[in-house]
Amino acid sequence: MSIEAKIAAIHDEDLLAELEAARGGFLYAVIVEHIAHRQALRDAERAEAGRKQDARAAMGRDQRRRDAVRLVIEAEPVTPDTIQHIHSVLALCGLPYRDPGDEREFFREYGRNTLSLLAGRLKNPATGQMELQGLPYGPKARLVLLHLCTEAVRQRSPTVEVADSLSGFMREMGFAVTGGERGTIRQFKEQLHRLAACTMQIGLWDGQSRSSTLTMPPFRQLDLWRADGQDGIAWSKTVQFHQDFYDNLVQHALPVDIRAARAFSGSARKLDLLFWVGYRLRSLQRPLRLTWDTVHKQFGADNASLRSFRQAFKADVAHVKEVFPKLPLSLDEAGLQLMPTDPGLLLVPPKAARRKAAAAGAGAA
């Protein structure tokens, strides 16, 4: 390319100013070459950014959210402010995905273990009556538990302030905070009430001759008052975890990247998958293989057909891997395979790995 063509390709104002300042100098041709090269790099970066912007514009809302979260996670390492916690038991035992209606018990097998939820009652502060509560279900019940477990771990207390913190958490998860009969405030409060009223039982079996049954009510106390606001549903300033549950939570709290939870805040099964993979990877020493039948029992409570479940679950795994493209999780005709991975590549790396990554970043800077 001639020097005239190179000069003609330079169009950024700052580069043109550099070109003009060098005009007539002894090394003018070399400077033109250097400036033209910088211009070409800038143009290539702009073209790539434009392609990415066009691709993002063609995405649906949920895919754009996953893509944005992936970029943030890749650019910014996990910090204490981005870590939430959930009880490890809840990472293995999913709640119902959909509203069970009038059913009073939820039962699920996962491998050799079993989860049973029994719906309970709460005393209505307006009528004084002990009223039936439904079973907790869906993504909001999981997010309420994630928020409350996190606050209990952070505050080192089984008693959690709810009234002043839940709205902020809802916004952080991407929900508009709205009142009224169909508002999000009412939906989150309803799931909290259902959780507070239920009893959880976990059955454990060694596969041979020994079993254990654990009864772990998540909450010991929930004080309600009659609400005068527009949503009209009773509310509580504090929630108190059952001491046994709290003690076990402090010992076995599973860290969760809140940014990833935000990406899947509208899907109960994707949240379950996120929690489950996060738990399994932290202690996995050799490849884990699960048949489709086992995966169906773990994640297919709302889908009786194995065929349709497989299609839906493949889409869920693909969505999770959009956020975590290096996730060592794969599906094939036999089922699911999860591979051990380097601690630094976990969904939430342990503290030692985070310190190592931070030190490497500082050294590179």
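What is the order of the three strands in the open sheet? In this predicted model, where local features need pLDDT of at least 70, side-chain atom pairs count only at pLDDT 80 or more and totals for chains, interfaces and linings use all residues, the order is β6-β10-β9, with antiparallel pairing. Residues are numbered from 1 along each chain as its sequence is written, and side-chain values use heavy atoms, leaving out hydrogens and water.

Strands (E, at least two residues) and helices (H or I, at least four) are DSSP runs numbered from the N terminus, and two strands pair if DSSP finds at least two bridges between them. Because β6 (159-161) and β9 (219-222) each have a single partner strand, they stand at the edges, and one side of each lacks a neighbour in the sheet. From one strand to the next, the twist averages 25 degrees. Three antiparallel bridges join β6 to β10 (residues 238-241); glutamate 161 has threonine 238 of β10 as its bridge partner.

Phe309, Arg310, Phe313, Asp316, Val317, Val320 and Val323 are its buried residues (under 20% relative accessible area, with exposed over 50% and partly exposed in between; 1.4 Å probe, protein chains only). Seen down the axis of α13, these buried residues fall within an arc of 135 degrees (taken from the directions from the helix axis to the C-beta atoms), so they line one face. The face turned away from the buried side carries exposed Arg307 and Gln311.

Conventions: Axes are lines fitted to C-alpha atoms, for helices over the stretch in contact, and angles run from 0 to 180 degrees between N-to-C directions.
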